[in-house]
Amino acid sequence: MQIIKRSQCKQKPVKGTALGFGHYFTDYMFTMKYTAGQGWHDAKIEPNEPKPFDLATSIFHYAQGIFEGMKAFLQPDGSIAVFRPGENWARMNRSATRMCIPNFPEDVAEEGLETLLKLEKDWIPTDPGTALYIRPTIVATRVMLGVHASTEYLFFIILSPVGSYYAHGLEPTKLIVEDHYTRATLGGTGEAKCLGNYAASMKAGEEAEEKGFDQVLWLDANEKKYVEEVGSMNMFFVIDGEVVTPALVGSILPGITRKSCIQLLKNHGYTVSERRISIDEVLAAQKAGTLNEAFGTGTAAVISPVGLIRYRDVDYTINGGKMGPVTKFLYDTITGIQYGTLPDPYGWRKVVK
Ligand SMILES: *Cc1c(COP(=O)(O)O)cnc(C)c1O
């Protein structure tokens, strides 16, 4: 793979810096182009520098674009590991199909990522809870107005050293149930990691933050009755020993952390149900004292305990606002596999060669 070197590298954040999420970017990026008739071509590593775009470029107007989120971790033996990247490439191509973006060769993307990671190894942060976040993206680059699928695309991967997703780290989060706005509808794009989904969620997110909440808990668009997800995390509830997560009905993003948690829980003897779960059922369990735990799962936030849910102006505290044992088991196991301090019985760690 072609590597275009830069003459001067950036200053890296010093060890111990509170990285936050998505504030720092590394020296290089992977890019490849698509042109109708020619297909995907020109895969290379180049300096991560601003690019000029014509303001009539399709992506700016119609949001025909998709992204992914992964993390790379420095292992105790000095190697680099990525958590289940094959799952992300496959999902990205499913998102591409939904958005009329031509599927890309997954082996080229993986080779590009691994070449990039080897080049940027010194950017992988090593403080506890930190990782190198990986953001593959595809945007429509044809310069033309008119609502049609583009004939040109840019695929890129940028990297960002990150700390915890929430400012308060592993402290349980506070969610507010949204029963006015909706995130996704059946037949819509909720299943795809496409750009517009996140723009559509920001209004509710801002209103939640103004009220002192971390995130919105979305309900189904039709009846505003069933729990869907959090918008960057899938949701799990532990009710009377049963671990419940909303079934993937079409409007929920099929999380890879979600899938991994289900497999781990089942293999450790837990009863896991993927089914419809109404907000009334969750809150009735809280009142009855059988809602043992609630948590969200996602690459950015890993496993995030939920300490409080507000619904129609009533606050419901979960597990005394503390992290519960199932949440802790999953957090310890997933991060142990990611950071290489636990064995990897499922082959989830992809070591960069
Ligand atoms: C990315 C994302 C998730 C989490 O998916 P992971 O594969 O676990 O990172 C959940 N919900 C939404 C809406 C997302 O965009």
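By class, 13 nonpolar, 10 polar and 2 charged residues make up the lining of the second largest pocket. Here Ala, Val, Leu, Ile, Met, Phe, Trp, Tyr, Cys and Pro count as nonpolar, Asp, Glu, Lys and Arg as charged, and the others, Gly among them, as polar. The model is a predicted one, in which local features need pLDDT of at least 70 and side-chain atom pairs count only at pLDDT 80 or more, while totals for chains, interfaces and linings use all residues. Residues are numbered from 1 along each chain as its sequence is written, and side-chain values use heavy atoms, with hydrogens and water left out.

The space in this second largest pocket comes to about 320 Å³. A pocket is, on a 1 Å grid over the protein atoms alone, an open set of points with protein on both sides within 12 Å along at least five of seven lines, and its lining residues have an atom within 4 Å of a point. Grid points are joined across faces, edges and corners, and a volume is the space filled by probe spheres set on the points. Of the 25 lining residues, Gly129, Gly163, Ser164, Tyr165 and Tyr331 lie nearest the centre of the second largest pocket. Two or more residues of this lining come from each of strand E5 (70-74), strand E15 (302-311) and helix H7 (325-339); helices (H or I, at least four residues) and strands (E, at least two) are DSSP runs, numbered from the N terminus. H7 provides the largest share, 4 residues. Because domain 1 (2-162) and domain 2 (173-331) both give residues to its lining, the second largest pocket lies between them.

Those two domains deserve a look of their own. Their bounds come from an automatic or database domain assignment, which gives domain 1 (2-162) and domain 2 (173-331). Their C-alpha centres are 28 Å apart. Where the two meet, 21 residues of domain 1 are in contact with 19 residues of domain 2, contact meaning heavy atoms within 4.5 Å.

The largest pocket holds about 990 Å³ of space. Its lining counts 40 residues, and Tyr165, Tyr198, Gln215, Gly231 and Ser232 are the closest to the centre. The elements that give two or more residues to this lining are helices H2 (85-98), H4 (195-210) and H5 (256-267), together with strands E7 (131-140), E10 (215-218) and E14 (291-298). H4 gives the most, with 6 residues. The lining of the largest pocket divides into 16 nonpolar, 15 polar and 9 charged residues, and at least three residues are drawn from each of domain 1 and domain 2.

H5 also packs against H7, at an angle of about 110° and with the axes 11 Å apart. Axes are lines fitted to C-alpha atoms, for helices over the stretch in contact, and angles run from 0 to 180 degrees between N-to-C directions. H5 is therefore roughly perpendicular to H7, a term for angles of 65 to 115 degrees. On the H5 side the contact is made by Ser260, Cys261, Leu264 and Leu265, and on the H7 side by Val326, Phe329, Leu330, Thr333 and Ile334. This contact has 7 nonpolar, 2 polar and no charged residues.

Finally, there are 4 cavities of 30 Å³ or more, a cavity being a set of points where a 1.4 Å probe fits but cannot get out. The largest cavity has about 70 Å³ of space and is lined by Gly69, Met70, Lys71, Phe83, Asn88, Ile256, Thr257, Thr299 and Gln338. By class, the lining of the largest cavity has 3 nonpolar, 5 polar and 1 charged residues. The second largest cavity, with a volume of about 40 Å³, is lined by Ser58, Arg142, Met144, Gly146, His148, Ala149, Ser150 and Thr151.

Key:
Angles under 35 degrees count as roughly parallel, over 145 as roughly antiparallel, 65 to 115 as roughly perpendicular and the rest as oblique.
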